[in-house]
Amino acid sequence: MKYIDLHTHSTASDGSLTPREVVAEAKRAGLSAIALSDHDTTVGVAEAMAAGEELGVEVIPAIELSSESKTETHILGFFIDPQNPALLSKLREVREIRERREEDVCAKLNSLGFEITMDEAREVAGANILCRAHFAKLMVQKGYCPSVKSAFDEYLSVGKKAYSGIQALTDTEAVKLIKTAGGDAYLAHLNQTHRGHDDLYEYLRRLKSEGLTGIEGYYTEYTDEMGEEYRAMAKELDLCLSGGSDFHGAFKPHISIGRGTGNLRIPYDVLENMKNFRAN
């Protein structure tokens, strides 16, 4: 049985492993294919694909776009052209807005009494895109939180006191941008949209009319009931399914590539279906 993971992150955004190291980790885990889906950037895709050719792991060029909606909404783009000029131009704008968002996060953390600066967070991020995970890591380093997960759970997740909803793209724009780059758009981690069944169904129907190809049907945080509900919606709406762990390496040490928190197994058939859906 061949297995895959179509939701992974590297040091190009908020993961702890380089793109090549992500692919090597996938190889060690026995995976046949992965997608490198860094937040709002494609700079790691070429390195990952080169490593995939060398190590015998199929690498799907991908991206995860943050978008504005009622809640936190992320759109995964698969099979994109990572060098598409329109995509790269828009991502430069996205990065500028992202910087404003992280400044807002920093200000909120300061207002809560945490002595954290943007320069310190940038040092954690290095040359890569600054993300909430870097603030979380900094909070752990300074002894404010015992783990990155606790920093998110208590302060940085949607609805928490240090969360910032500033975004550069609407969900509609994110789907359109992925399509412009030759890719297919999939709504990520549906549980994090915090929408009830009927609201989510109508939301998916609207996004499909705007070009959405599918949803993340298999994900680390889904309960069995969630997964069944989401996959049933996708079937009714004729949306395709993807699946992934949301692997971040040491930034989310409780999540293993390909296995999530231990029970996730996504068969290669999922990727085959995505390819067939795309071809038709």
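Colleague: Which residue in β2 is the bridge partner of I4?

Modeller: A33 is the partner of I4. Bear in mind that this is a predicted model.

Colleague: How do you know that β1 and β2 pair?

Modeller: Pairing takes at least two bridges. Three bridges join β1, residues 3–8, to β2, residues 33–36. Therefore the two strands count as paired. They run parallel.

Colleague: What is the order of strands in the open sheet?

Modeller: The eight strands follow the order β7-β6-β5-β4-β3-β2-β1-β8. Their pairing is mixed.

Colleague: What makes β7 and β8 edge strands?

Modeller: Each pairs on one side only. β7 covers 240–244 and β8 covers 266–267.

Colleague: Which strands does helix α2 lie across?

Modeller: Helix α2, residues 45–55, lies across β2 and β3. It runs at about 155° to β3, which spans 58–67.

Colleague: How do you know that helix α8 packs on the sheet?

Modeller: Contact means heavy atoms within 4.5 Å. Helix α8, residues 197–209, touches β4, β5 and β6. Its direction makes about 140° with that of β6.

Colleague: Why is the pairing of E25 and R28 called a salt bridge?

Modeller: The cut-off is 4 Å from a Lys or Arg side-chain nitrogen to an Asp or Glu carboxyl oxygen. The E25 and R28 side chains meet at 2.8 Å, N to O. That is within the cut-off, so the name applies. Side chains of opposite charge can pair when their charged atoms come close.

Colleague: Where do E25 and R28 sit in helix α1?

Modeller: They are three residues apart in α1, residues 19–28, so about one helical turn separates them. The structure holds 18 salt bridges.

Colleague: What volume does the largest pocket have, and what lines it?

Modeller: Its volume is about 710 Å³. The lining has 38 residues, with R132, F152, S157, Q192 and K252 nearest the centre. β3, α3, α5 and α6 each give two or more residues to that lining.

Colleague: What classes of residue make up the lining of the largest pocket?

Modeller: It has 10 nonpolar, 16 polar and 12 charged residues.

Colleague: How many residues line the second largest pocket?

Modeller: There are 16, and Y219, Y222, D224, N263 and L264 are the closest to its centre. The space in this pocket is about 260 Å³. β6 and α9 each supply at least two lining residues. By class, the lining has four nonpolar, eight polar and four charged residues.

Note on methods:
Residues numbered from 1 in each chain as written. Predicted model: local features only at pLDDT ≥ 70, side-chain atom pairs only at ≥ 80, totals over all residues. Heavy atoms only, no water. Helix = DSSP H or I, 4+ residues; strand = E, 2+ residues; numbered from the N terminus. Axes fitted to C-alpha atoms, helices over the stretch in contact; angles between N-to-C directions. 1 Å grid on protein atoms, 1.4 Å probe; cavity = no way out; pocket = protein on both sides within 12 Å on 5 of 7 lines; lining within 4 Å. Points joined across faces, edges and corners; volume = space filled by probe spheres on them. Nonpolar A, V, L, I, M, F, W, Y, C, P; charged D, E, K, R; others polar.
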